[in-house]
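This report goes through the strand order, the helix packing and the ligand surroundings of one model, taking each in turn. The sequence and the structure come first, and the description follows.

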Amino acid sequence: MDIETPGASALPNDLDAFWMPFTPNRHFKQDPRIVVRAKDMHYFKPDGTAVLDGTAGLWCSNAGHCRAPIVEAIQAQAAELDFAPTFQFSHPKTFELANRLTEMAPAGLEHVFFCNSGSEAVDSALKMALAYHRLNGEASRTRFIGRARGYHGTGFGGISVGGISGNRKFYGALLPGVDHLPDTYNRDEQAFSRGEPAWGAHLADELENIVALHDASTIAAVIVEPMAGSTGVLPPPQGYLKRLAAICKRHGILLIFDEVITAFGRLGYATAAERFDVTPDLMAFAKGVTGGTVPLGGVLVSKGIFDMFQDDERPDHVIDLFHGYTYSGHPLAMAAALATLNLYRDEGLFEQARANEDAMADAAHSLKDHPLVLDIRTIGLVAAFDLVGIKDQPGKRGYEVMCRAFHDENIMIRVTADTIALSPPLIATQADLEEMIAKFRRVLDAVA
Ligand SMILES: Cc1ncc(COP(=O)(O)O)c(C=O)c1O
């Protein structure tokens with residue numbers, strides 16, 4: 001690919017000081033995978049080589065990279081209003097963005113709280129659930145129900161409700177009283193699924209058993225990703241989310257959707273709630289809201305929950321929610337999000353993702369008979385591949401495939417243990433999708 005290369009920065013000599021997140025640091029420093037620039041569907045290595053972005057960065061660059069309208073909006077905002085506090089003060093774009101988001105969200109989610117990341121969004125939603133019940137006279141509702149194989153970021157709340165032992169075991173006892181639903185994956189019943197697997201709605205009924213064990217009066221909320229992303233892409237079984245929502249409602253338990261990955265077009269709709277026709281009480285979002293350009297997270301909140309915090313009898317000077325972040329509603333994040341949402345709308349990117357769902361699935365499932373592939377799951381603009389592992393070394397195969405993909409085939413892919421996830425920017429054309437799978441196939445051939 002032709003590129004103008006100015007700015008291709010030289011690699012610093014010493015990579016030691018940066019303690020990289022979720023990375024085997026020692027090996028990375030021996031074998032770095034560095035990009036210096038990005039445009040649309042591609043990153044660029046220091047030598048100018050284009051790298052196809054098969055992961056939308058980290059599930060966030062949904063509009064593609066360095067899109068001019070977003071870049072210009074951020075630049076203009078930085079020059080006009082660099083920061084304004086939102087504790088007791090604010091600036092216009094906070095309200096503008098909140099209104100845009102509530103217009104896009106399912107009916108009933110009428111308020112928005114801003115933070116900086118998915119982890120903060122999750123912890124904010126959990127705290128709102130606790131405070132809601134307390135204000136509602138049910139202070140005994142303090143228990144959260146997460147799900148095995150759930151990922152809800154890395155705050156103490158998020159790892160407590162999350163269902164990944166590696167993220168939990170180092171950090172002590174975590175939030176008290178959390179319980180977990182079983183995950184929704186069963187290879188024998190669901191192998192090579194396209195969209196929502198037919199088998200598994202009954203797994204939602206496990207919530208009834210959990211309620212029977214703990215009693216509904218102790219349970220504040222259930223939190224799930226509508227499609228589990230980080231643990232290897234587990235699309236919800238047909239009817240599962242509706243069943244879960246009905247059980248929550250029956251027992252006065254709040255339902256929190258963690259849509260940090262699924263919102264903003266990943267499944268072909270503004271939200272997974274819209275796609276699956278299930279409206280939660282609280283929805284955590286982040287990532288795609290700014291196309292990854294400026295950190296931003298948030299929680300969409302139902303009218304009923306918000307109203308519980310608004311007490312007409314309370315004196316004017318008393319705060320309603322004792323929670324917030326210095327950068328809640330940061331001007332750069334607001335400007336970036338508004339420009340990104342405009343781009344999604346003007347270019348019809350959610351619709352494009354929906355239209356490309358079959359092409360993505362066809363391309364991905366063409367690897368079905370590859371000797372290294374155990375299962376493939378596709379939904380929206382996402383595909384996951386479970387690979388045959390290396391004996392007694394879980395994760396080694398996936399890691400090797402990810403490294404080789406970057407070095408040999410110039411494609412960025414996402415690895416979780418021995419599962420590879422592909423989730424390209426929504427601007428991907430069918431040709432991009434086919435190229436992505438062709439590159440991935442060559443990597444698999446090379447390591448098989
Ligand atoms: C479903 C989900 N929730 C929360 C998070 C945490 O988001 P962040 O890394 O922005 O804190 C992620 C990140 O991948 C996620 O996938």
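This is a predicted model: local features need pLDDT of at least 70, side-chain atom pairs count only at pLDDT 80 or more; totals for chains, interfaces and linings use all residues.

Strand β7 (residues 219–224) is mostly covered, with 6 of its 6 residues buried. On one of its pairings, strand β5 (residues 143–147) runs parallel to β7 and is joined to it by 3 bridges; here Phe-144 has Ala-221 of β7 as its bridge partner. The pairing of β7 with strand β8 (residues 254–258) is also parallel and comprises 4 bridges, and in it Val-222 stands opposite Leu-255 of β8.

Elsewhere in the order, strand β9 (residues 282–285) and strand β10 (residues 297–302) run antiparallel and are joined by 4 bridges, with Leu-282 finding its bridge partner in Val-301 of β10.

On the α4 side, the contact is made by Lys-93, Thr-94, Glu-96, Leu-97 and Arg-100, while α13 contributes Pro-331, Met-334, Ala-335, Ala-337, Leu-338 and Leu-341. Sorted by class, the residues of this contact between α4 and α13 are 7 nonpolar, 1 polar and 3 charged.

## The four-stranded sheet

A further open sheet has 4 strands, ordered β11-β12-β15-β14, and its pairing is antiparallel. Its edge strands are β11 (373–379) and β14 (414–416), each of which pairs on one side only. Neighbouring strands of this sheet are turned against each other by 20° on average, with direction ignored.

The pairing of β11 with strand β12 (residues 382–387) is antiparallel and extends over 6 bridges; within it, the bridge partner of Ile-376 is Phe-385 of β12. Helix α16 (residues 396–409) lies across β12, β14 and β15 (419–422), and the direction in which α16 runs is at about 170° to β14.

## The shell around the ligand

The ligand is surrounded by 15 residues, and the closest of these are Ser-117, Gly-118, Ser-119, Gly-153 and Val-260. Helix α5 (residues 118–135) supplies the largest share of this shell, namely 3 residues. Considered by class, the shell around the ligand has 6 nonpolar residues, 7 polar residues and 2 charged residues.

Definitions and conventions: Residues are numbered from 1 along each chain as its sequence is written. A residue is near a molecule or strand if its C-beta atom, placed from the backbone, lies within 6 Å of it. Helices (H or I, at least four residues) and strands (E, at least two) are DSSP runs, numbered from the N terminus. Ala, Val, Leu, Ile, Met, Phe, Trp, Tyr, Cys and Pro count as nonpolar, Asp, Glu, Lys and Arg as charged, and the others, Gly among them, as polar. Two residues are in contact if their C-beta atoms, placed from the backbone, lie within 7 Å. A residue is buried if 20 or more other C-beta atoms lie within 10 Å of its own, exposed if 12 or fewer, and partly exposed in between; C-beta atoms are placed from the backbone. Two strands pair if DSSP finds at least two bridges between them. Axes are lines fitted to C-alpha atoms, for helices over the stretch in contact, and angles run from 0 to 180 degrees between N-to-C directions.
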